[in-house]
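User: I am new to this structure and would like to go through it in questions and answers, taking one topic at a time.

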Amino acid sequence: MSGMRSTVNRVLLALAGLVLIVVGGGVLAVGLGASLPTWWPWDGKNDVLLSASDRGRWRDEGWWWPTVIAVLAVLVVLALWWFLAQLRRGRLSDVLVDSGDGEGARVRGKALEGVLADEAGEVDGVARAQAALTGRRTAPQARVRLLMEPHAAPEQALNAVADGALAHARESAGLDELPAEVRLRAVKHRAERVS
């Protein structure tokens, strides 16, 4: 979800920036005396945003106020959705484990992430591992990043992490499944000189 949230944030910021640049640049150009296209709403230094005739023009139309209220309501709902999305956590704080007695137990998400990263980091050819749990408390998903040594075989390392660390995490949390996304990246190293 954090990927989608950052994409939405970037798109909204880009659109807001574009609108502000176009409107601000146009107002600045008019203020400096430049000529703008005929469709541009302001054409002089002393021009106002809405003239008296523009402000009263649509008041008597039956569709005007419902349209204005509907557009503003949609904007408020979208702004509220965007604000609440910022408050949502991307990572799980805890995972619910079925303890078999009907009560259940909670395992801290950071603890499970740490164990998962430590076990994945012990795989041959893995220089460093990072893990994050996302999703719901009852159905977590894992994201694992592996920094691979130059001599590592990616397929063997991936199978070792899937059969080892991810399987142990799934079994220890009592989950039927633990969907995972594993990203591999090679360690940057200097080229060796051949003499």
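User: Is Trp 65 buried, partly exposed or exposed?
Analyst: The model is a predicted one, and the relative accessibility computed for Trp 65 is 45%. Buried would require a value under 20% and exposed a value over 50%. Trp 65 has 45%, so this residue counts as partly exposed.

User: What kind of aromatic pair do Trp 63 and Trp 64 form?
Analyst: By the rule used here, the count of aromatic pairs comes to two. In the pair of Trp 63 and Trp 64, the ring centres are 6.0 Å apart and the planes stand at 80 degrees, while planes over 60 degrees apart are the ones that count as edge-to-face. Because the planes of Trp 63 and Trp 64 are at 80 degrees, the pair is edge-to-face.

User: Which residues form one aromatic cluster?
Analyst: Trp 64 also forms an edge-to-face pair with Trp 65, with 6.4 Å from centre to centre and 65 degrees between the planes. As for accessibility, Trp 63 is partly exposed at 44%, and Trp 64 is partly exposed at 26%. The members of the one aromatic cluster are Trp 63, Trp 64 and Trp 65.

User: Is Asn 9 buried or exposed?
Analyst: Asn 9 has its place in helix α1, which covers residues 2-31, and, leaving aside neighbours within four places in sequence, Asn 9 is in contact with Trp 82 and Gln 86. The relative accessible area of Asn 9 is 17%, and the limit for a buried residue is under 20%. With its 17%, therefore, Asn 9 is buried.

User: Which strands are the edge strands of the open sheet?
Analyst: Three strands form this open sheet in the order β3-β4-β5, with mixed pairing, and the twist from one strand to the next averages 15 degrees. An edge strand here pairs on one side only, and the two that do so are β3 and β5.

User: How many bridges join β4 to β5?
Analyst: The strands β4 and β5 run parallel, and β5 covers residues 180-186. Within β5, Ala 186 is the bridge partner of Met 148, and Arg 185 stands opposite Leu 147. The number of bridges that join β4 to β5 is seven.

User: What is the handedness of the β-α-β unit made by β4, α5 and β5?
Analyst: The helix of this unit, α5, lies across β3, β4 and β5 and runs at about 140 degrees to β4. Taken together, β4, α5 and β5 make a β-α-β unit that is right-handed.

User: Which element gives the most to the largest nonpolar core?
Analyst: This core has 25 residues, of which Leu 116, Val 126, Leu 146 and Leu 166 touch the most other members. The elements that give two or more residues to the core are β1, α4, β3, β4 and α5. With five residues, the element that gives the most is α5.

User: Which residues does Thr 134 touch, not counting those up to four places away in sequence?
Analyst: Thr 134 lies in strand β3. Its relative accessibility is 10%, so Thr 134 counts as buried. Apart from residues up to four places away in sequence, Thr 134 touches Gly 90, Leu 92, Ala 139, Pro 140, Gln 141 and Arg 143.

Terms used: Residues numbered from 1 in each chain as written. Predicted model: local features only at pLDDT ≥ 70, side-chain atom pairs only at ≥ 80, totals over all residues. Heavy atoms only, no water. Helix = DSSP H or I, 4+ residues; strand = E, 2+ residues; numbered from the N terminus. Buried < 20%, exposed > 50% of the residue type's maximum accessible area, 1.4 Å probe, protein only. Contact = heavy atoms within 4.5 Å. Core = buried A, V, L, I, M, F, W, Y, C linked by side-chain atoms within 4.5 Å. Phe/Tyr/Trp six-rings, centres within 6.5 Å; stacked < 30°, edge-to-face > 60°. Pairing = 2+ DSSP bridges. Right-handed = clockwise from strand over helix to strand, strands pointing away. Axes fitted to C-alpha atoms, helices over the stretch in contact; angles between N-to-C directions.
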